[in-house]
Structures are given as C-alpha cells and as structure tokens.
Amino acid sequence: MLTLAATVEEFFHEVVTEALTAKQIDASEPAGWYLVNLLGELTTTRLPDEPLGVKLAKASQEAGERMRSLKEVGDTSLVVAGFFAESLGRSLVDVDYYVSLGKSAYGQLARHLASAGRGSRGGQSITEVYGELADNFPRFVDVLSEVKKRVDFGHHDLMHLYEVWLRTRDEWVEDKLRDAGLIVGESRGVH
C-alpha cells in the first residue's frame with residue numbers, strides 16, 4: 001500500500017515506526033526520531049569516502065571536531081550495516097566490522113557528552129540517545145534493514161524478492177509476493 005506523506009520526515013517517521021514494530025524493538029521516542037532524521041539527511045547528502053576506521057582513529061582532540069567525527073562514524077556505520085549488508089559480502093570487511101565501529105563511535109560520543117555535561121535538551125538527552133544507539137546498535141541495524149526492505153520494494157524485481165523470501169521466509173516479503181500474485185495459499189511456517 002502506498003502512503004502519501006507531506007514531508008520526507010513524515011514518510012520516514014511512518015516507515016521507521018513500522019520497522020520498530022515489525023522488529024519488536026521498544027526504542028525511545030528520541031531514538032526513533034534520530035533514525036528518522038538520519039534517513040532524511042541521507043536524501044540530501046553522500047556517505048563519506050574516507051574509511052571509517054581511519055576517521056575514528058584520527059578523530060581530532062578538539063571537542064567539536066571530535067564529536068562531529070564520532071557522529072559521522074556512528075551514523076555511517078549504521079547506514080552501511082543496515083542498508084548495504086548484502087554488498088559487504090564482496091568486501092574485505094563485513095557487517096560485524098561496521099557494528100563494532102558504530103557501537104564504539106556512539107558510545108564514545110555519549111561518554112564525551114556526559115563528561116562535558118552537555119547534550120541535555122529536556123526529556124531524554126542526546127547523550128542518552130547516543131548511549132541507546134551504542135547499547136542497541138545491532139538492533140537498530142535490523143531496523144534500518146527493515147526500513148530498506150519497505151522503502152526499496154519498488155526498485156527490486158520480483159525474482160530478487162522471491163530469492164530473499166526463499167532464504168528468510170520473511171512475512172513482509174511474503175505478503176508483497178502474495179500481493180503480486182507469486183505466492184498463493186498459506187505457506188507461513190513452512191521452512
């Protein structure tokens with residue numbers, strides 16, 4: 001079903017909310033909005049070209065620059081692991097590498113903000129959001145994988161979706177294939 005949204009944020013808010021529910025993740029509202037904003041930013045910016053491990057290792061000691069670098073490494077790691085995991089099979093590094101980098105970057109960012117006494121915006125602080133992202137990084141990768149699946153459906157050919165369904169037996173993919181007339185009858189629970 002196609003839903004029209006007035007803004008990119010409204011669209012991603014709906015998709016992220018659905019993905020959090022589908023993955024049964026009880027994220028805080030600020031963490032959910034962080035993902036929404038991250039996805040919105042992706043519509044207008046490119047991922048950095050510099051290797052993230054190098055960027056993390058040489059993050060400047062100047063506080064503002066260090067925070068920007070840590071945020072960029074965390075955000076990029078989350079996006080790469082969530083959206084491009086399939087392509088990492090042809091790479092020298094795998095998803096675990098990006099999970100480790102992202103978790104480390106968000107954790108360092110949360111600790112840095114906490115030690116500096118910064119990051120409070122009323123309610124849950126941005127420091128707590130970065131801590132939540134670090135603590136639950138693999139689960140947030142799963143959320144972005146679910147978002148990708150929901151957003152990218154129109155660009156996948158049905159054979160690719162069918163191959164995904166054969167490997168995963170994912171109910172959402174099965175529903176899309178059923179809607180397209182490729183799977184008939186009840187097959188849930190059959191592996």
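Predicted model: local features only at pLDDT ≥ 70, side-chain atom pairs only at ≥ 80, totals over all residues.
The crossing of α2 and α7 is right-handed.

Residues are numbered from 1 along each chain as its sequence is written, and side-chain values use heavy atoms, with hydrogens and water left out.

Back to the two helices. Helix α2 covers residues 29-42 and helix α7 covers residues 137-151. Helices here are DSSP runs (H or I, at least four residues), numbered from the N terminus. The two pack at an angle of about 50 degrees, with their axes 12 Å apart. That makes α2 oblique to α7. Oblique is what remains once angles under 35 degrees (roughly parallel), over 145 (roughly antiparallel) and 65 to 115 (roughly perpendicular) are taken out.

Who touches whom? From α2, Ala31, Leu35 and Leu39 meet Phe140, Val143, Leu144 and Val147 of α7. Contact means heavy atoms within 4.5 Å. The residues of this contact are seven nonpolar, no polar and no charged.

Next, the aromatics. The structure holds seven aromatic pairs. Rings pair if their centres lie within 6.5 Å; planes under 30 degrees apart are stacked, over 60 edge-to-face, and the rest tilted. Take tyrosine 106 and tyrosine 130: ring centres 5.8 Å apart, planes at 20 degrees, so stacked. Tyrosine 106 sits in helix α5 (residues 95-116) and tyrosine 130 in helix α6, so the pair ties together parts 24 residues apart in sequence.

Tyrosine 106 is buried, at 0% relative accessible area. Tyrosine 130 is buried too, at 6%. The cut-offs: buried is under 20%, exposed over 50%, partly exposed in between, with a 1.4 Å probe and protein chains only.

Tyrosine 106 also pairs with phenylalanine 137, and that pair is tilted: 5.9 Å centre to centre, 50 degrees between the planes. Phenylalanine 137 is in helix α7, 31 residues from tyrosine 106. Together, Tyr34, Tyr106, Tyr130 and Phe137 form one aromatic cluster.

Now α6 itself, residues 126-135. Eight of its ten residues are buried, so the helix is largely enclosed by the rest of the structure. Among them are Ile126, Val129 and Leu133.

Most residues other than glycine have a negative phi. Glutamine 24 has a positive one, near 55 degrees. Glutamine 24 lies between α1 (8-22) and α2, and is exposed at 67% relative accessibility.

Terms used
Axes fitted to C-alpha atoms, helices over the stretch in contact; angles between N-to-C directions. Left-handed = near helix turned anticlockwise from the far one by under 90°. Nonpolar A, V, L, I, M, F, W, Y, C, P; charged D, E, K, R; others polar. Phe/Tyr/Trp six-rings, centres within 6.5 Å; stacked < 30°, edge-to-face > 60°.
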